[in-house]
Amino acid sequence: PYIILYYIMLWLCLIGLLCFLQCLNWVCAGCARLTQVARLRGMTTMDPVDKLTGWDLSITSQQSLSIRLLTVLTITFVMLCPPCQIFSDLQRLFNFKKLPADVVERRWMEGMVFLDHSMACAMEQIRCNRFFAFEHPSRASSWRQPSVVRVMQQPNVQCIVFDQCMTGLVTKLHKSRVRKRTRIMTNAPCLIEALRGKMCSRDHAHQALTGSEGGVCRSAWAQI
């Protein structure tokens, strides 16, 4: 029932293809739920390309290697989830004001490295006539960055916004619904159709992604 897993897995099952799940940096791949679910369904996957699995995508040579793997291994589907914190509204409104300017600039540059690499992976998938999906919060400033806009303008690439409370996202202990409005950009039309119309029905309450529950930060629990 986590986030968009059901809908992504439904699409993958429908097309009957192998899948490779790529996540960038530890923030999004700490639990690698999509990889776990895919393997439980008997699909062939690689370990996430992530700091926790020995990758450092801030190094140019490792970026090149990860893109080469997409081609050499004929990866059918890649899930791109680079760190989003630096692009969030809350960071801009509150946390940036408390940090020295050089720290904010360094974190921004790091975030852009991972974001631009994700888009390079997406462009490689498009070039090879294969599939990708990129996920970030719907209001993140990442959606306005040139590399993302370039991918967005490619043929057959679409974006869809949905509320994760309508795809089963609940908190760990109390099972309270969490809205977490999210945008996905993909060239997989069946994924778009699976998520179409999944906006909050406004007939239930939401738990904010602040604090902890069941020994886990709610924001971390809500990650893919």
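**Helix packing and the nonpolar core**

Tutor: Helix 4 and helix 6 run roughly parallel to each other, because the angle between them, about 25 degrees, falls under 35 degrees. The model is a predicted one. In it, helix 4 spans residues 60–72 and helix 6 spans residues 101–127, and their axes lie 10 Å apart. The crossing of helix 4 past helix 6 is right-handed. On the side of helix 4, the contact is formed by Gln63, Ser66, Ile67, Leu70 and Thr71; helix 6 contributes Val113, His117, Ala120, Cys121, Glu124, Gln125 and Arg127. Sorted by class, this contact comprises five nonpolar, five polar and two charged residues.

Attention may now turn to the core. The largest nonpolar core contains 23 residues, and those with the most contacts inside it are Leu80, Phe132, Phe134, Val148, Val151 and Met185. At least two residues of this core come from each of strand 1 (77–80), helix 6, strand 2 (131–137) and helix 7 (146–152). Helix 6 gives the most, with eight residues.

Leaving aside residues up to four places away in sequence, phenylalanine 132 touches Phe77, Val78, Leu80, Ala122, Gln125, Ile126, Val151, Val157, Met185, Thr186 and Asn187. Of these, Gln125 also belongs to the contact of helix 6 with helix 4. Another core lies apart from the largest one; this core has 12 residues, including Leu34, Cys81, Ile160 and Leu191.

Notes: Residues are numbered from 1 along each chain as its sequence is written. This is a predicted model: local features need pLDDT of at least 70, side-chain atom pairs count only at pLDDT 80 or more; totals for chains, interfaces and linings use all residues. Side-chain values use heavy atoms; hydrogens and water are left out. Axes are lines fitted to C-alpha atoms, for helices over the stretch in contact, and angles run from 0 to 180 degrees between N-to-C directions. Helices (H or I, at least four residues) and strands (E, at least two) are DSSP runs, numbered from the N terminus. Angles under 35 degrees count as roughly parallel, over 145 as roughly antiparallel, 65 to 115 as roughly perpendicular and the rest as oblique. A crossing is left-handed if the near helix is turned anticlockwise from the far one by less than a right angle, and right-handed if clockwise. Contact means heavy atoms within 4.5 Å. Ala, Val, Leu, Ile, Met, Phe, Trp, Tyr, Cys and Pro count as nonpolar, Asp, Glu, Lys and Arg as charged, and the others, Gly among them, as polar. A nonpolar core is a set of buried Ala, Val, Leu, Ile, Met, Phe, Trp, Tyr and Cys residues joined through side-chain atoms within 4.5 Å. Buried means under 20% relative accessible area, exposed over 50%, partly exposed in between (1.4 Å probe, protein chains only).
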